[in-house]
Amino acid sequence: MLGFLGIALAIDVMVITLGALGFHHFESLTWTGAVLNATLIITGNGPLVPMHSEAGRLFETGYALFGGITFIAVVSVVLAPMFHRVLHAFQLGVSDQPPPA
């Protein structure tokens, strides 16, 4: 289970880093402002600082779409082992014997 949480954390760190680099480059935000904007967009809260340039708006649009897909992927990575365990509770016993005729 901890391995899956580590994978999810690594994905989040990579995506937030990508967003912070983009916001820092396109909108000249400070590093803390860029990380905050990237994190808020990933969580679905929207940006804190409005974009002023066309390039910044285009980056924000693409990053928001990418962030939504990433959010779904991270939640899936975290919940998959738990869902797998629940499915084991419903598993029927499998026999090597052929069914009676």
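What follows is a working chat about a predicted model of one protein chain.

Colleague: What should I know before reading numbers off it?
Modeller: The model is predicted, so local features need pLDDT of at least 70 and side-chain atom pairs count only at pLDDT 80 or more, while totals for chains, interfaces and linings use all residues. Residues are numbered from 1 along each chain as its sequence is written, and side-chain values use heavy atoms, with hydrogens and water left out.

Colleague: How many helices and strands in the protein chain?
Modeller: There are 3 helices and 0 strands, in the order α-α-α along the sequence. Helices (H or I, at least four residues) and strands (E, at least two) are DSSP runs, numbered from the N terminus.

Colleague: What radius of gyration does the protein chain have?
Modeller: The protein chain has 21 Å, whereas a compact globule of 101 residues would be near 13 Å. That radius is taken over C-alpha atoms, and the globule rule is 2.2 Å times the number of residues to the power 0.38. The C-alpha trace spans about 75 × 25 × 20 Å along its principal axes.

Colleague: And what share of the residues is buried?
Modeller: Of the 101 residues, 23% count as buried. Buried means under 20% relative accessible area, exposed over 50%, and partly exposed in between (1.4 Å probe, protein chains only).

Colleague: Which residues are in the largest nonpolar core?
Modeller: That core has 11 residues, among them Val15, Phe23, Ala38, Met51 and Tyr63. A nonpolar core is a set of buried Ala, Val, Leu, Ile, Met, Phe, Trp, Tyr and Cys residues joined through side-chain atoms within 4.5 Å.

Colleague: Which helix gives the most to this core?
Modeller: Helix 2 does, with 4 residues. One of the core residues is Ala38. Leaving aside neighbours within four places in sequence, Ala38 is in contact (heavy atoms within 4.5 Å) with Ile16, Gly19, Ala20, Phe23 and Tyr63.

Colleague: Change of topic. Where does Thr70 sit?
Modeller: Thr70 is in helix 3 and is buried, at a relative accessible area of 6%. With neighbours within four places left aside, the contacts of Thr70 are Ile11 and Val15.

Colleague: How many salt bridges are there?
Modeller: The count comes to 1, taking a side-chain nitrogen of Lys or Arg within 4 Å of a carboxyl oxygen of Asp or Glu. Arg57 pairs with Glu54, with the closest N and O atoms 2.9 Å apart. Both lie in helix 3, 3 residues apart, about one turn of the helix.

Colleague: Is Glu54 buried or exposed?
Modeller: Glu54 counts as exposed at 54% relative accessibility, and Arg57 is partly exposed at 37%.

Colleague: Then what lies 3.2 Å from a polar atom of its side chain?
Modeller: The backbone nitrogen of His52 lies at that distance from the side chain of Glu27.

Colleague: Last one. What is phi of Ser28?
Modeller: Phi of Ser28 is near 55°, a positive value in a residue other than glycine. Most residues other than glycine have a negative phi. Ser28 lies in the loop between helix 1 and helix 2, and is exposed, with a relative accessible area of 62%.

How values were computed: A polar contact is a pair of N or O atoms within 3.5 Å; within protein, one must be able to donate a hydrogen and the other to accept it, and residues adjacent in sequence count only if both atoms are side-chain atoms.
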